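Hello,

Here is the structure I promised to hand over. Please open it and keep it in view while you read my notes below.

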Amino acid sequence: MDYPIIEPKLPGLSKSRYCAGLQCHKLLYTKVHDRDKIPEPDAFTQYLFDQGTAAGELATKFFPGGTEIPAFPIDESIAKTQAALDKGVEHIFEAAFNFQNIHVKVDVLRNLGENKFDIIEVKSSTRVKDQHLDDLAIQKYVLENNDLEINSTILMHMNPDYRHPDGELFILSDESEKVEKRMADVPQNLESMQEMLGQDEPPETEIGPNCKKPYECALMKQCWQHIPEMSVFNIPNLRNAKWDYYHQNIIKLEDLPEDFIGTPGQMPFINSFRTGKPAIDYYGLQKFMSEIQEPIYFMDFETMQLAAPKYNGTKPWQQHTIQWSVHILENNELKHHEFIHTENSDPREPFIQSLLEVLGDSGSIIVYSAPFEGGRLKEIAEAFPQYKEKIDNIRSRLWDQLVVFRKYYCDSKFKGSNSIKNVLPVLVPDLSYGDLEVQEGGTAMVEYTRMIGLPDGEEKEQIKNNLLKYCNLDTLAMVKIHEFLTD
Ligand code: SF4
């Protein structure tokens, strides 16, 4: 296929810059010209990147005898790629190419002979996503302009049906047809990006749905400064209509027309905002809460997600239960129990054994989002059938506190989110995560991974204590919310 030639203009582009430019020109401009304004990824995002890198390294093992091209310096990477091509190497990892200052590295370049090649892009996701096709398209564009004939463009992603250690961990999905459809747009996209990058000022780009798609943009804090804390963006499930309001300059909730008719799920939020009071379905709430039976257990799990499974029967990105906290309320007396697995080994069995010891046979088990805790319990029951009967008993006793805020109690001060982190400060302002070293689940996962890699000692103990305090507060928060609701 012939593509129009674009005059080389500095600065250069890469796969990731091209994809950033498709999301938003302003984002690309900032990445290229004002890199300092892009905040570093938070610990959890970095953790996900690291998991993806680990999965990528694993993928190279599926092509034994492949040649790895060093990443830097660029000129050397390109020269070494050419040398590997000249030698007829079958699989080249990180093969580097440049065309008109657009630089790409191919995760795996498969040499089929007679100048024909497959481009294989490795992703740690468990399916092909739309943005992956653009990633493949820019690689194909650059390689074809280096006179390589591209046979197929392939996305190698993790197999969601894989169960360690049986089966294929990766699936190779031929996306050639879909990628080909995008090829005609590549030259125009590049031209507009390079022209935009040549300007002295960043483009005036309006916020839009692309700020969160395909990825949450790192510049949201800056670009969304004009959106007040309470706005149409806080209305639950408003979907695309929020953008219609935004474009009509209806941004603050006060600006919503009086006759705004939302869905039954939205009106309690609107009513709460307008009256300044929570909107409560007393009858429904009372009925729902009457299901709770003593003794009451308040239970929370922490998990660690691994892209590449390492324990028997686990799948890619499975959430491994590593820690629990349980508060028990009986006869007005509150007791606390907890567990954390501190070894670098399969945590599931010690986790469930210790948990079963404290949960008894009867009484409600209050969780915040039953599908999460229930789902983890189901996975453990499948992996360790000897505990299935007892786990089924636990699952049948789960009572979901989150449902209270989804169905019966709405306060606009939750800002449209029913997360316990939003609910707690409104209902129980004295109790806060603010003083803790670990304040949310993502950081807990990162810290946990760090802890199990450490030898026994002060640092490991410190992290362990921080994690225990965090999980303890999660269940204590549920206790306090329960007391609030009961009052
Ligand atoms: S926050 Fe939105 S408008 Fe701002 S750079 Fe990112 S995508 Fe573009």
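Strands E6 and E7 (residues 170-174) pair in the antiparallel sense, over 5 bridges. Two strands count as paired if DSSP finds at least two bridges between them. Strands (E, at least two residues) and helices (H or I, at least four) are DSSP runs, numbered from the N terminus.

A word on the source. This is a predicted model, in which local features need pLDDT of at least 70, side-chain atom pairs count only at pLDDT 80 or more, and totals for chains, interfaces and linings use all residues. Residues are numbered from 1 along each chain as its sequence is written, and side-chain values use heavy atoms, with hydrogens and water left out.

Back to E6. Why is strand E6 (residues 149-158) largely enclosed by the rest of the structure? Because 8 of its 10 residues are buried. Buried means under 20% relative accessible area, with a 1.4 Å probe and protein chains only.

E6 also pairs with strand E5 (residues 116-122); these two run parallel and are joined by 7 bridges. Here Glu121 has Leu155 in E6 as its bridge partner. The chain gets from E5 to E6 through helix H5 (residues 130-144), and this β-α-β crossover is right-handed. That is, with the strands pointing away from the viewer, the path from the first strand over the helix to the second runs clockwise.

Next, a hairpin. Strands E10 (residues 318-330) and E11 (residues 333-340) run antiparallel, with 8 bridges joining them. Ser325 has Glu338 in E11 as its bridge partner. The hairpin has 2 residues between its strands, and Asn331 in the turn has a positive phi of about 50 degrees.

Now Leu109, in strand E4 (residues 102-113). Leu109 is buried, at a relative accessible area of 1%. Leu109 and Phe93 are 16 residues apart in sequence, yet 6.4 Å apart in space, C-alpha to C-alpha.

Last, the ligand. Which residues are around the ligand? They are Cys24, Lys26, Leu27, Glu206, Cys211, Cys217, Leu219, Met220 and Cys223. Each has a heavy atom within 4 Å of the ligand. Helix H2 (25-33) and helix H8 (220-223) are the elements that give two or more residues to this shell. The shell divides into 7 nonpolar residues, no polar and 2 charged. Here Leu, Met and Cys count as nonpolar, and Glu and Lys as charged.

Best wishes

Note on methods:
Buried < 20%, exposed > 50% of the residue type's maximum accessible area, 1.4 Å probe, protein only.
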